[in-house]
Structures are given as structure tokens and as C-alpha cells.
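Here is a friendly walk through one structure, written for someone who likes to know the cut-offs behind each word. Have the viewer open as you read.

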Amino acid sequence: MSEAMSDGDLAAHLAEVAGRILINVRESGLFSPKALGKAGDQTANQFLVHALREVRPDDGLLSEEEKDNPERLAKSRVWIVDPVDGTREYGEERSDWAVHVGMAVDGEAVLGAVALPGLDLTGNGGGTVLRSDQPRPLPAAPEKLRMVVSRTRPAKEAVAVAERLDAELVPMGSAGAKAMAVILGQADIYLHSGGQYEWDSMAPVAVAQAHGLHCSRIDGSPLVYNQQDVYLPDLLICRKEHAETVLDLIAEVAVSV
């Protein structure tokens, strides 16, 4: 049955199941917050990589918690996963953490699912999964824009741009949670310049692009995935009508920060 699933259904199913596994690990009550992060990461990773190798054996695979296999570089289709994005938030039993399951084709983020297991929007206790193949309408933008930033290390560029836009800063944990906040109407701009890796942004970017959002590096260049060097340090996700203004301000503040 799993082999007959579409890539979109598979990504969403894997992200949702991994999220449930992570909740179960946390609710076991056996781990300190620090140990919980490691246990959750490794447990969810084992599920995701074994499942993908079972049902998509011909595709490449890149995971934050798995030793990199350079064979992926020769593949057109490559799954890129982050078993727990926001390990600290997961360990602290916050809601702003995520599971990323996405696929890049020839370096482009084409498909993704981001599970937010701690965010229950339906009231059924099952968390939330946002998918690139099932976009939802974006809420209207407010008059006063909101910029989502790291709750522990807000990037200087983001703070400087927010000041020039008179935008409200919204502190939040994981990259996936921040990106999904723009889709869910909890924020309007996600600007990051503090260093990331491909697994931090690939699935969220696929989902955000499918919802009609602008996604790029902070210099406006494209985000390219499945590279030999998986470091992808910066990211801008925002509504398209704000992109030009934000990119101009980033270039302006880059001189002064």
C-alpha cells in the first residue's frame, strides 16, 4: 500500500507518524529534557530513514541525524528530512517544534510536509500537518506587519529590518514552526541569517512556495538543495507583496549591522 501512495501523501504520513512517535517518547516520562531531545531525534530518524528506504529505495536521502551518503548527489529525487526541528523546544514541551519531510528534484524544493505535533488547530489532539500538495488560503495581512524571529538568538539583520518596517517581533522556536507561522497567519515575514542547513528549510520552503509565498536567500538568489556542502545559512519567507521591500531593506541594513 505504501508503495502506491503519492509522494505528497507519503511525506505527510511520515511527518505525522514521526510526530506521534515523538509525542509518545516524550510522554514516557523516562528522559530529562536534554536526554529527551537526543532520544526523540534518534527514534524519529530511525523510523523516517527506514521507511523511506523501504518504499522509495531508488531515491536519495539526506537527514540531519544520519551519516551523509554522497550517492545522493547523483540522484535527481532526494528526500531531505529533519526528524525534530527545534529539539530544545521539543524537550521543553513547547509547541513550536516540527518534523520536516520533503523532496528536492534537481536541487529544487518541490514537495514537502511539515508536522507541528504540538499545535492542535482542529481540537482533535492530533497536531497539524501542512502540505505542499494541499495548500490552504492565506489569511489577510494585518496593517502592522509581524516578523517571526528566534526566541533565543534574533538575527541582527531581522531586528534591523523589523525596526525599519515598524514590524512587531514574534519570538518562536524552530525554523519549521516559523515558516508555517507565515502560512497560518501568525506572522508575515520570516527572515533568518544566523546559519542553517538544508534540512532546516527544504520541506518548509516547499510548503511555503506552494502557498504562494516568496522564498529565497536573503540576497534574493534561489535556494538550491542536495548540494555537497549542505550549509544553507540564510532564508527569507514572506508574502510576495512584501518581498521587494524586505530584500531592499536587507541590503540596506547589511552595511550597518
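## About the model

This is a predicted model, in which local features need pLDDT of at least 70, side-chain atom pairs count only at pLDDT 80 or more, and totals for chains, interfaces and linings use all residues. Residues are numbered from 1 along each chain as its sequence is written, and side-chain values use heavy atoms, with hydrogens and water left out.

## The annotated site

An unreviewed UniProt entry places the feature "binding site" at Glu64, Asp82, Asp85 and Asp200. These residues span 137 residues in sequence, yet no two of their C-alpha atoms are more than 9.4 Å apart, so they gather at one spot. The lining of the largest pocket includes Glu64, Asp82, Asp85 and Asp200. UniProt positions follow the numbering used here, feature names are shortened, and annotations may be inferred rather than shown by experiment. As for the pocket, the search runs on a 1 Å grid over the protein atoms alone; a pocket is an open set of points where a 1.4 Å probe fits, with protein on both sides within 12 Å along at least five of seven lines, and lining residues have an atom within 4 Å of a point.

Glutamate 64 sits in the loop between strand S1 (60–63) and strand S2 (77–85); helices (H or I, at least four residues) and strands (E, at least two) are DSSP runs, numbered from the N terminus. Not counting residues up to four places away in sequence, glutamate 64 touches Val81, Asp82, Val84 and Trp199, where contact means heavy atoms within 4.5 Å.

Which side chain does serine 201 join through a polar contact? The partner is tyrosine 225, at 2.8 Å. A polar contact is a pair of N or O atoms within 3.5 Å; within protein, one must be able to donate a hydrogen and the other to accept it, and residues adjacent in sequence count only if both atoms are side-chain atoms. Serine 201 lies in helix H6 (residues 198–210) and is buried, with a relative accessible area of 2%. Beyond four places in sequence, serine 201 is in contact with Gln196, Tyr225, Leu232 and Leu235.

Leucine 232 belongs to the loop between strand S9 (213–216) and strand S10 (235–239), and it is buried too, at 7% relative accessibility. Leucine 232 and glutamine 196 are 36 residues apart in sequence, but their C-alpha atoms are 5.3 Å apart. Outside its sequence neighbours up to four places away, leucine 232 touches residues including Gln196, Ser201, Arg217 and Tyr225.

## Backbone details

Helix H1 (residues 7–27) has 21 residues and reaches 30 Å from its first C-alpha to its last, close to the 30 Å expected at 1.5 Å a residue; the expected span is 1.5 Å times one less than the number of residues. Glycine 29, which follows H1, has a positive phi near 70 degrees.

Positive phi also turns up in residues other than glycine: glutamate 93 is near 60 degrees, and aspartate 166 is at about 55 degrees. Glutamate 93 lies in the loop between helix H3 (87–91) and strand S3 (98–105) and is exposed, at 59%. Aspartate 166 is in the loop between helix H4 (156–165) and strand S7 (168–172).

Methods. Buried means under 20% relative accessible area, exposed over 50%, partly exposed in between (1.4 Å probe, protein chains only).
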